[in-house]
Amino acid sequence: MSKIADGNYTSVIYTLETDYKLQHAQSLYSAGRYEDALRAANGITTSGYENKVQKLIAAIRYGMEDIAGARSLLEINSGLNDDPDTDINYGCLLYKESRYEEALQKFLNAQTMLGYRPHLSYSVALCYYKLKDFTSSLKHIGDIIDRGIREHPELGIGMTTEGIEVRSVGNTLTLHESALVEAFNLKAAIQFEKNDIDSAREAMTDMPPRWEEELDSVTLHNQALCSMDMSPTQGFHKLQFLMQQSTYPQETLQNLLILYCKHGYHDLASDVISTYSPVKDKYLSNYIREFVDAVIAQQSSPDEAYRKLDNMATKLVDSLRKATRSVQESREARDDKRAKSALLDYENTLEKFIPVTMAQAKIYWDLENYAQAETIFYKSVEFCNENDTWRLHVAHVLFMQEKFKEAIAFYEPIVKKNYNNILSVSAIVLANLCVSHIMTAQNEEAEELMRKIEKEEERLYYQEPEKKVFHLCIVNLVIGTLYCSKGNYEFGISRVIKSLEPYNKKLGMDTW
């Protein structure tokens, strides 16, 4: 007769119950219900689960922005050797503290022990992104996407971009574990930062397809930014929707304010600041608060706005010079790590300085005092001379003063840099360059540029017949207007009429 084996069945059942409790607490954490998750995790007292529970509570504390509490819990297990979870958790804390180089090392250590893990690879890519090493970041993003295509063809990666009609793949566990949504969002962020908006939009449409109501807040936020140049109303609608939710990406408030100011909706920016006053200190840096305040003040008091911007510029120049000295000293001492850190500080400070300079110059641009705007730009030449945005605005200021030869020196390098993709250059930049060539008796250069634009428009027409482009049209309109202003009405008007041919394709809101 068979004998039933002795066993501690009570212990087995108790363990299964504890596993369920732990999974329940983890699911609450993943859903962002941190208070509920914390109560559930604290209710787990089973012996042998202390390490897992402490790690989960540390993650919950991290999600609640209690960095000190998360760190203290992790330090209990800091003596554990070869524990990839500990490295990952410390990496997250270091990332939160903006110590990206150290965080990267923790994530790379964990990757060595665990091998490929999609979310771990994403964390590595995110650190490289913060360190401005876009090439390394894109490499890890590429690994995530390539594996996603091979291992999960059912997720329809890239099919939307290729014009294939696909259904939503939903927010499945497979999608979450693949880290594809995070990877495509980061890829879009890199392209957006490189000012390649078309590539950023393509990255967003390459993402596994989901209905709009299924989109996570980060994807919705990035879609809004990528659509601002084509459909600002839609972009603003998405950002406003996010601000009404209980949680949203911390960049949402900043971007909504900056975009309102950029599009001239200063009253709406003021309303947003008033409405979200309780959270503005949490989500807005001192720099953004001061900058937005100065831009809004420009509408009622340009002098006050200029004073505020000038104070900001003075502080930023001091920081730029300090960072420059630090880079030089580090290189002389052959301290590559310190030099790299100082260079990153310099680049981050320069990113803040350029918009301040632009805003100062715009005050005088609006007053049509182009000479003073030029003076402001040349004050910043020490730091901004290599920046295309700065150079473009200098060119505009010179053009408005009819300093055409000097304007060419600033316009031409930008156009030549994008010569093989000429339609990516703003039509008004191409028009101003053509006019500058004509006004300096360089008609052949102007005609060559126009031939290049025409050739690219014809090529694009054969590839995408429905897509409308107006570069050559706008160039001809500007040149025609120029000749009319100089009294040559016959040639000028003929050029304007020619620019609108064929009328069914060229005559519209964009050219009216």
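What covers the buried residues of helix 12? Before getting there, a word on the model. It is a predicted one, where local features need pLDDT of at least 70, side-chain atom pairs count only at pLDDT 80 or more, and totals for chains, interfaces and linings use all residues. Residues are numbered from 1 along each chain as its sequence is written, and side-chain values use heavy atoms, with hydrogens and water left out.

Now the overall picture. The protein chain has 28 helices and 0 strands, both taken as DSSP runs numbered from the N terminus (H or I of at least four residues for helices, E of at least two for strands). Along the principal axes, its C-alpha atoms fill a box of roughly 115 × 55 × 50 Å. Of the 512 residues, 43% are buried; that word means under 20% relative accessible area, with exposed being over 50% and partly exposed in between (1.4 Å probe, protein chains only).

Back to helix 12, which spans residues 217-227 and has 8 of its 11 residues buried. The cover includes helix 10 (180-193), helix 11 (197-206), helix 13 (232-243) and helix 14 (251-262), a contact being heavy atoms within 4.5 Å. Among the buried residues are His-221, Leu-225 and Cys-226, and Cys-226 has a relative accessible area of 4%. At the start of the helix, a side-chain oxygen of Asp-216 comes within 3.3 Å of the backbone nitrogen of Val-218. From helix 14 comes Thr-252, buried at 0% relative accessibility. Leaving aside neighbours within four places in sequence, Thr-252 touches His-221, Leu-239, Leu-242 and Met-243.

Further along, helix 20 (residues 370-379) holds Phe-377, another buried residue at 2% relative accessibility. Beyond its neighbours within four places in sequence, Phe-377 is in contact with Thr-357, Met-358, Ala-361, Trp-390, His-393, Val-394 and Val-397.

On to the charges. Side chains of opposite charge can pair when their charged atoms come close. Here there are 24 salt bridges in the whole structure, each a side-chain nitrogen of Lys or Arg within 4 Å of a carboxyl oxygen of Asp or Glu. One of them joins Glu-193 to Lys-132, with the closest N and O atoms 2.6 Å apart. That pair links distant parts of the chain, 61 residues apart: Glu-193 sits in helix 10, and Lys-132 in the loop between helix 7 (118-130) and helix 8 (134-151). Another salt bridge brings together Lys-238 and Glu-212 (3.6 Å, N to O). Lys-238 is in helix 13 and Glu-212 in the loop between helix 11 and helix 12, so this pair ties together parts 26 residues apart in sequence. Lys-238 is buried, at 9% relative accessible area, whereas Glu-212 is partly exposed at 48%. Elsewhere, Arg-71, Glu-97, Arg-99 and Glu-102 are linked in a network of salt bridges.

What about the cysteines? The count is 0 disulfides, taking a disulfide as a pair of cysteine sulfur atoms within 2.5 Å.

Last stop, the surface. Tyr-489, Ile-493 and Ile-497 make a nonpolar patch of about 300 Å². Tyr-489 lies in helix 27 (residues 489-499) and is exposed, at 52% relative accessibility. Patch residues have over 30% relative accessible area and no salt bridge, with like charges joined within 9 Å and nonpolar side chains (Val, Leu, Ile, Met, Phe, Trp, Tyr) within 5 Å; accessible areas come from the Shrake-Rupley method with a 1.4 Å probe, and for residues only the protein chains shown count as cover.

Terms used:
A polar contact is a pair of N or O atoms within 3.5 Å; within protein, one must be able to donate a hydrogen and the other to accept it, and residues adjacent in sequence count only if both atoms are side-chain atoms.
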